[in-house]
Amino acid sequence: MTGRFRIPGGLVDRTQPIGFSFNGRELSGLQGDTLASALLANGQRLVGRSFKYHRPRGILSAGPEEPNALVQLHRGARLEPNTKATVTELFAGLAATSQNHLGSLDFDLLAVNDLLSPFLTAGFYYKTFMWPKSFWEKVYEPLIRSSAGLGRLSGEADPDHYDKGFLHCDLLVIGAGPAGLSAALAAGESGARVILADEDFVMGGRLNSETHAVNGQPGHEWAARTVAELAEMETVRLMPRTTVFGAFDHGIYGVLERRRDHLPPLADGSSDSRQPRQILWHIYTKRAILASGSIERPIAFTNNDRPGIMLAGAVRAYANRFGVACGQRVAVFTNNDDGWRTAADLQDKDIDIAAVVDTRSLPDGPPIHLNARVPIHAGEEVVDTRGRRGITKLVLASGKRVRADCLAVSGGWNPSIHLSSHHGGRPVWNDNIAGFVPGERHPPNLSVAGAAGGSLTLGSAFREGTAQAAAVLDSLGYPPSRRPVPEASDEPAAISAFWHVRESRGRAWIDFQNDVTDKDVRLSHREGYRSVEHLKRYTTLGMSTDQGKTANVNGLAAMAKLSGRTIPETGTTVFRPPWTPVAIAAFAGRSRGRDFRPVRLTPSHRWAEEQGAVFVETGSWLRAQWFPRPGEHGWRQSVDREVRTTRNTAGFCDVTTLGKIDIKGTDAGTFLDRVYTGTFSTLPIGRVRYGLMLREDGIAYDDGTTARLGESHYLMTTTTANAVLVFRQLEFARQCLWPDLDVHLVSVTDGWAQFSVAGPHSRDLLRTIIDPQHDISNAAFPFMACSELTVCGGCAARLFRISFSGELAYELAVPARFGDSMIRRIAQSGLAFDAVPYGTEALGVMRIEKGHASGNELDGQTTALNLGLSAMVSTKKDFIGMTLAKRPELNRKDAVRLMGFIPVDRAAPLAAGAHFLARDADPTTENDQGWMSSAAHSPILGHDIGIGFIERGHERVGEIVRAWDAVRGRDTDVEIVSPHFLDPKGDRLRG
Amino acid sequence: MADIRNSGLAARPFLGGYTQDFQTVRLTEVIDFELVHVAIAKDEIERLTEKVRAESGLDWPAPGSFSTGERDDDSDLRIVWLAADQGMIIIPKSGESLLGTGRTGLADAIGDAGYLTGQTDNWVALRLVGTGSVPALERLCPLDLHETAMPPGTAARTIMEHLAVIILRESPEQFLLLSPSSSAGSFLHAVETSILNTGGNT
């Protein structure tokens, strides 16, 4: 038994019962059910509580517009709130619970809110929670926060996998109803590459929920045959369970495919456990057809929100598609002919029709003939309903009462135009259907067919789908389709606009999900909110998970009536992506945890791991930060040892991460002269020069060394952080500023494993590695020399005599594939010289001791003057940044200068970020004289040192100032000194 | 590890010579080749392409494509179009000898018509072969993989999982993917994940 409300017929498989649970109660449904249809089949009418008043709520619809039947699915880490039961495909073991109640669903303690409703109208908290002021943070806000929201998240990491992907097609058909199927059929038959996407798990749209005949066969059978035919077409891709949620630029659509939502959760560690649950596709289209159908709207009357009051089309869908009667005695309330179809279809299934109430007077009689026993109330209205946890009777304007356990309401159909306005297009009003249809401004190359465009009959859906496909085929150069338009009878579609029962005296719900009633709209109007946007923000109409799919037009209608204007005069409703909610996990896809971003590894990474190195992220790179040794406690001990040993004997460090750009061409020197402040065209072959690059605005951009390896061959190095930016900037200059130059740029950063070997014994160490025919004596290979040579018996290499540490130092580069072998060789050879590997911390300490600027100093607000590099700025040539670097403001006499700082109390710690103040000055912005940009403990000097920028620093050596560090609560007297703490004359590096 | 003091330096493939058979694809790190970037000197495209043709027997490729040898012994030789004035030559089986300047004589042959830069160590190369290659790439590659849009012989520069990639379609179900060598591990992981996510268990 799969439920006492199950009736014959439908597309469910009666041989496949499925067990599931709701609020812990074990129930049974059928293959092909949604959770909603299975709940209805089991007579579960009460499925949730409303947002504000905690009113009992039942299932309203049979689609993604559902505002009421929001449930929590699954348990534990997979707990998922706010899931629409109406689109949740039933599977074995599905566990659903209702949400938004305190206590049980049947006896919600917060239902007291309904009694307090006079105090809880729109904007009540703006007015209520004003006093006392001290209550706001401690009482009111926690109270409001705890009662806000619907379901609850698990608070645990999502254990499922998600993915993303990219698809391309000639034509994306959005929606596989009659219009979409006929469009896909015509386009696919002509050989166009078609993607047909539909959010339902059975394609066919309303054909599966209606009893219309197509080409002489039942509509759902025609749909199934058409889908099967499309599946056989090589150029057609069918994507069921797939929602096109957004129309973005350049014909790109955001699409969510639910791959595993309809299957039981996988056991962690099972063979399929990594199969993605959902896939976020970017679909690149040449054309798209919006065939998303339409959504029925309710009518506002007193107590129109009781369980059992449903949309008429949904009641029909549950009967025809799912074989479920939504009640034993069903009444219909309609303002249009379509509502009558519900009565007719239910009557055919022997369901008792309590009454048909039509707001129209029907002078020509009923649009559809019903059994004579069915009471018909033309020109009549439902003004109220009764029933605590579900409707039991309805009250008509005439005072007549009708007993019914289900009321099917049809206020007409709103085209699902959402995607058509994702580019800001405004819909236009169509009086014939009393609804909005897409305006002129669609996303480019998107056309609309069928009900989505306001053509609400089956025949017009087929005609428009076929015609739009023909237009697409013609525009893309495909032959026309010879397939005839499917034949369907045009059903009646007359409607008389009717939104709200005027005689209603109590609250009539407009937005079910947010508990917005006609009274809230009236209040909003009374308080002066005339704009639709204001109405929305003040009342919350149209917000939350359903985004007002069943509420917006009725809200507009209510507002129009209050202001005496027409609906189009009152305003329109526009839409932004997404059409239905998309989980954040789907947007993240696989980019989570260690897969968030790619990681770049240095060629010595494996070796460094073996040495127990501690690593640090520098951009995408992982670099060795220091190399702890047994017995060392804390990083400082390791770093101090690495610095001392390097300065006393030798040390080596992987510096591969610095950007390397090969610059070739007969105009390479000219090119460099234009991008650097200094001159490089005069650099001799075999020599290296330090270069400074400015931005157009004259601010320092990047620095590094550039070596000349041949007549038309230079090798530039950049900072690690700016490698990509500099390459991009140079490529822009090459292609756009000076296309006349013969110069080419190639990144070789990854191609060369580069190691710094520094310290008094570095030359001796290198002599054991570099092949003996290459003379690296001080005379033959002086400071700032470079050469292409061989190492280790013939391996090609490059050697640069440059120093970041201030020591006698070299950088040795070998092709990256030899990097691992090279570092092992350096380490082994270094044993004889007591050489140690050092990481980025020691690198930083040594460059601060030497007073070299780095990223902290080139921070986008400093100039060559600030950095003490004015001498490097040529006045004899033009280069990027030259003109704006001359601005007076950048050349003030009191400009900050890069200086060194030592604490007066040598035991005092220093930290970057401190600001400099005169000793007697208050810490105010006006008194700020500069900032400490880098600081470190110098194991050589035995105390902390810092470098930073201070006004007129070069004239103030020996002066004591305050280093005021509000973040760390420090206030330290420091002495201004030269930034070159060690070997200021450079004897070491030239030795 | 062997004593390297007397044996020179040992080359280590960026992915250790990875190869793995999945249900519908084989994924292999290609290591027996050299890459040489060719930049065309200003206004020298005709002279350079003629010299390249004379030296390699291959035509300079049209934009968005690569050219390849037709004889058995040079069927893996490729010239890849990269930009209006740039290309990349993929030279198979040169071993570890050298570094960059490619096939002996190429530099001499080209002379001042262009500039060569060794790129072998800048790129990791993965070859993806099998019926599952297109579905796997759909999860990675933003380009249109349909054969009408990307026929065999196509070369394109693109982005996969934030990484720069040069993709070559060698046959309907065979692709050569080049990506920067420093992030080789992440690139392999991205391709493996795509294979596994499309049902390609090992």
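Mentor: One term before we start: pLDDT is the predictor's confidence in each residue, from 0 to 100. You need it here, as this is a predicted model.
Trainee: OK, where in chain B does pLDDT stay under 50?
Mentor: Residues 1–7 of chain B stay under 50, and the model has 7 contacts for them beyond four places in sequence. Residues 95–103 of chain B are below 50 too, with 20 contacts in the model beyond near neighbours in sequence. Where pLDDT is low, the predicted coordinates should not be read in detail.
Trainee: And what does chain B average?
Mentor: Chain B averages a pLDDT of 88, and 88% of its residues score at least 70. For the model, ipTM is 0.94 and pTM is 0.93.
Trainee: Switching to the contact with chain A: how many residues does it take from chain B?
Mentor: It takes 40 residues from chain B and 46 from chain A. Helix 4 of chain B gives the largest share of the chain B side, 5 residues.
Trainee: What's that side made of, by class?
Mentor: On chain B, the side touching chain A has 16 nonpolar, 16 polar and 8 charged residues.
Trainee: New topic. Which domains is chain B divided into?
Mentor: Domain 1 covers 19–30 + 122–197, and domain 2 covers 33–120. Their C-alpha centres lie 22 Å apart. The contact between them takes 11 residues from domain 1 of chain B and 10 from domain 2 of chain B.
Trainee: Which strand gives the most on the domain 1 side?
Mentor: Strand 9 of chain B, with 3 residues. By class, that side of domain 1 of chain B, touching domain 2, divides into 7 nonpolar, 3 polar and 1 charged.

Notes. Residues are numbered from 1 along each chain as its sequence is written. Chains are lettered from A and ligands numbered from 1 in the order in which they are written. This is a predicted model: local features need pLDDT of at least 70, side-chain atom pairs count only at pLDDT 80 or more; totals for chains, interfaces and linings use all residues. Two residues are in contact if their C-beta atoms, placed from the backbone, lie within 7 Å. Helices (H or I, at least four residues) and strands (E, at least two) are DSSP runs, numbered from the N terminus. Ala, Val, Leu, Ile, Met, Phe, Trp, Tyr, Cys and Pro count as nonpolar, Asp, Glu, Lys and Arg as charged, and the others, Gly among them, as polar. Domain bounds come from an automatic or database domain assignment.
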